[in-house]
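Dear colleague,

Please find below the structure that I am handing over to you. My notes on it come after the coordinates.

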Amino acid sequence: MINAVVCPYVKVLSDEALSNKAFADFGPYFYDNGPYSDNGNLALFSLSEDTPVGTTVYALNGTDPEGQKVRYGLTFDPGSREYFSVDHHTGNITLVEKLDREKQDSIEVMVSISDGRNQVVEKVTVFVMDANDERPEFQNMPSIVDVLETAVSGSSIYQVRAVDRDTGSGGSVTYYLQSTQPSPFAIDRHSGVLRIKPGATLDYEKSKTHFITALAKDGGGNFNGREQVMSSTASLTINVIDVQDTPPGFIGTPYFGYVYEISEPGSEIYTVVAKDGDVGDPNPVLYSFESGTDGVFGINKTSGCITLLTYPIQLKREVFNIKVKATEVGPDGNLLESYGITTLVVRVIDLNNHPPTFYGESGPQNVFELTMYEHPPEGEILRGLKITVNDSDQGANAKFNLRLIGPGRMLRVVPQTVLNEAQVTVLVEDSTSMDYEKYQFLTYKLLAVEIDTPERFSATADIIIHLMDTNDNAPKFTSDYYIARIPENSPGGSNVVSVTATDPDSGLWGEVKYSIYGSGADLFLIQPASGIIYTQPWASLDAEVRSKYNFYVKAEDTEGKYSLAEVFVTVLDLNDHPPEFNENFLEKTMIIGAPVKIEAVDDDAEEPNNIIEYSIMKADPDNIFDINSTSGEIKLKSYIKSMDIVQNITRQKDCTWSLVVQARDRGEPSFTTTTIVKIDITEATQLRGGAFASFLMQSRDKPLHILGMIAGVISLMVVVTVFISTVMFMRNKKSNRVLPHRRIKRRPQNKAWAVPNPFKRPDNPGEKFVVEEQQEVEVENVNYNNNVIPSAVGSWPPASPSHWVPAPPSHWPSPPHSAPLPSAPVPPPLPTYVRPGDRPWAVPSVSAGVAIKPKKRIDKSRENSVNTALVSELKMRLEQKRLLNRY
């Protein structure tokens, strides 16, 4: 960090102070707190250029000897940029302009302090410290460099230069090359010198231009509180300069020429073209033959045109491999040692003047016929077809393809490509499609088409195949299942349903025979030829006995091939049973407000024949009862709500009515049945059992309701008992330790807790037993297993901390076990009476569980010496505490 320069001077603003020397008035001054302080007179202060605008960077700090309030100021030279502002009262200096060390590395500032009469001004220099905010800048990039292709590997071809205006590590520059493809160049990281890699060479013929990207990266530095590395890139184009080092090369190889049987001497066969391999500055070339001409071909030395020198009939070979040479010519017109050689293949071609032709056993033939059975094995050769194909031309003119055109892909021809002549073989490819039921005969076109000739000559032949039928199909039903309905009063031999199956095979193979079998087929027969299913002559159908039948029907041809279908027969119910009551005379007891129910049964199997409607046919008087037509419930009219109304309607004292009730079914025709219902009307009374007894009375005709309620009550009692037993067991388990006798002093309570006595009747109020506030009760700890008697059960509810309820007197009667338990806010354990010798009820306390001491003291022999010592010690500590509280 660079120190700041301070140039202080004092300006006296008060002329009165000069004239009145009798009164001393000293000027204010700044504190000089050193170079590393953030307050004072701004001396030796430096600031990083990445400091954000708006940051408080310094605090001017000074004082006045007379203790006057001071005011701070900050000014800049005229025309200079004002980077800071100051709070005149606090002296806080805030950065208001962005700093850039590369543009201005120091700022001249005049700071002032004034007490109102005198002002002190000091000129200070604030140095701007560098931050790594500048990227390296290339000085000579982008650029284009020309390099000879003969440049030696490792030689220097260019020097990249980049400058970073930052200082320190942020100003150092390192060079790299960026390339996604392998490059023959490398760069020195420190100097930026670009060289050809060792072992690499440049080749103008392979790559005329190379494009590389140079990366300049600084050494990194701090910027805005974090480490930052800056970099920049530039492109360099390297042009490779060609040098005469490559022989001539032929263009468009390989070369093929043709001599036709009609060619004449002087006919052009082919023209070869060669160019100097050094395309940057090429030399001209001359053409010549090396070998393979047999003296029948000539070549133009400058153009490369090759011609025929004789007639084709005099050629001794069909193929000529001619070596052609191209040699460079130097600037002086002499042939150079640089040359290239290629091969020209010349073929003697026959004219295509013969199309393909198909032959049979007796000569050329265009139609071939064959008779065979359907579905032959796949891959089988149709040996009945004797076909030969021939093309009399030679070479490529005699090469053609064979194709078979027809329905589907049932057949395939072999071979598919023929040269001159071949025996035609037809193979079965899809046996399934060769079906007599679909095709009685098949017609195919056998096509032969030349491949490589301009004329594309072709020939066709017809192949006709007559198929013969086989038994390859099983009979098939028109449906997988048949549904039939027949009335139950149908006589024997009645038609049920007709099934149909067809066999597409011809002749005897297409005849179908029907039969039935299955567990439900005993009552049915089928005509073997027609497929008509009817009932047995002796069969009697009854829907009430069995309404559903199902069985299988089998369709079979003469060779035993068959298929199955399932038949479902429904016997339709007829209304042939009238409704029936259990008795012709019914007696019912009706409680006012509750209905009575009658029920009739119809033995018909289906609705609506077995749907019953109820109605009252006769009643005297007839405005007393209503009946539910669906359920058969009989109830009093809604205005009859007491026995007084009933007695006003009739003069009979026993309140008994006889009704004639009719049950009618909904069948066609409809049947009815009547019965006499004697109803004894009575009024519901409050039974001794209360609501439970009323429920039993109302449910006397519904025994299942009564059993369900009893089972529910028993289940609830079992759950409550298990829960209470679990809680008591866990409580005793946690308190399984020996505790001493204690004396507990009850604290006074504002309001007594009145607990009802569980042994009294509900109509008698419980008595309250209240213990005096200062009364001390000696209790015994029962929370240890050795003192717990399994047969003892505690009473509920417990007493409050200041009130307790003693055990009931001996003259109280013991409550019966079947008496209902009194309700409580919290479900209590089952109450029991205290038997002689049982442990009294235990009262829980804050520190431990204790029990009220009974009137009859427990035998001292039950207390051991340990309990006695503990009780004595507890008594002594209570007495000491009482004395301390008193004084």
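The model is predicted, and local features need pLDDT of at least 70, side-chain atom pairs count only at pLDDT 80 or more, while totals for chains, interfaces and linings use all residues. Residues are numbered from 1 along each chain as its sequence is written, and side-chain values use heavy atoms, with hydrogens and water left out.

**The chain as a whole**

Of its 887 residues, 36% count as buried. Here, buried means under 20% relative accessible area, exposed means over 50%, and partly exposed lies in between (1.4 Å probe, protein chains only). The accessible surface of the protein chain comes to about 53,000 Å², and 53% of that surface belongs to carbon and sulfur atoms. These areas come from the Shrake-Rupley method with a 1.4 Å probe; for residues, only the protein chains shown count as cover. Among contacts with a separation of 6 or more, 68% are made by residues 24 or more positions apart, a contact being heavy atoms within 4.5 Å.

**Strands around E9**

Strand E9 (residues 92–95) pairs with strand E5 (residues 56–60) in the antiparallel sense over three bridges. Strand E8 (residues 84–86) is also joined to E9 by three bridges, and these two strands run antiparallel. Two strands are taken to pair if DSSP finds at least two bridges between them. Threonine 94 of E9 has threonine 56 as a bridge partner, and serine 85 stands opposite threonine 94 too. The hairpin of E8 and E9 has five residues between the strands, and glycine 91 in this hairpin takes a positive phi near 85°.

**Aromatic pairs**

The structure holds 14 aromatic pairs. Rings of Phe, Tyr and Trp (its six-membered ring) pair if their centres lie within 6.5 Å; planes under 30 degrees apart count as stacked, over 60 as edge-to-face, and the rest as tilted.

The pair of tyrosine 29 and tyrosine 31 is edge-to-face, because the ring centres are 6.1 Å apart and the planes stand at 90°. Tyrosine 29 is partly exposed, with a relative accessible area of 41%, and tyrosine 31 is partly exposed at 33%.

Tyrosine 255 and tyrosine 270 form a tilted pair, 5.2 Å centre to centre with 45° between the planes. This pair links distant parts of the chain: tyrosine 255 is in strand E24 and tyrosine 270 in strand E25 (residues 268–271), 15 residues apart. Tyrosine 255 has a relative accessible area of 1% and is therefore buried, whereas tyrosine 270, at 24%, is partly exposed. Both tyrosines belong to a cluster in which ring pairs link Phe250, Tyr255, Tyr270 and Tyr287.

**A nonpolar patch**

Strand E24 (residues 255–260) also contains tyrosine 260, which is partly exposed at 38% relative accessibility. Together with Phe256, Tyr258 and Ile262, Tyr260 makes a nonpolar surface patch of about 410 Å². Patches are made of residues with over 30% relative accessible area and no salt bridge; like charges are joined within 9 Å, and nonpolar side chains (Val, Leu, Ile, Met, Phe, Trp, Tyr) within 5 Å.

**Salt bridges**

There are 11 salt bridges in the structure, each defined as a side-chain nitrogen of Lys or Arg within 4 Å of a carboxyl oxygen of Asp or Glu.

In the salt bridge of arginine 101 with aspartate 130, the closest N and O atoms are 3.0 Å apart. Arginine 101 lies in the loop between E9 and strand E10 (106–114), and aspartate 130 in the loop between strand E11 (119–129) and strand E12 (137–138), so that the pair links distant parts of the chain, 29 residues apart. Arginine 101 is buried, with a relative accessible area of 16%, while aspartate 130 is partly exposed at 21%. Arg101 and Asp130 are linked with Glu102 in a network of salt bridges.

Arginine 666 and glutamate 613 meet through their side chains in a salt bridge of 2.9 Å, N to O. This pair links distant parts of the chain, 53 residues apart: arginine 666 is in the loop between strand E58 (656–665) and strand E59 (672–682), and glutamate 613 is in strand E55 (residues 612–618). Arginine 666 is partly exposed at 43% relative accessibility, as is glutamate 613 at 32%.

Glutamate 556 forms a salt bridge with lysine 554, with 3.9 Å between the closest N and O atoms. Glutamate 556 counts as partly exposed at 27% relative accessibility.

With kind regards

Definitions and conventions
Helix = DSSP H or I, 4+ residues; strand = E, 2+ residues; numbered from the N terminus.
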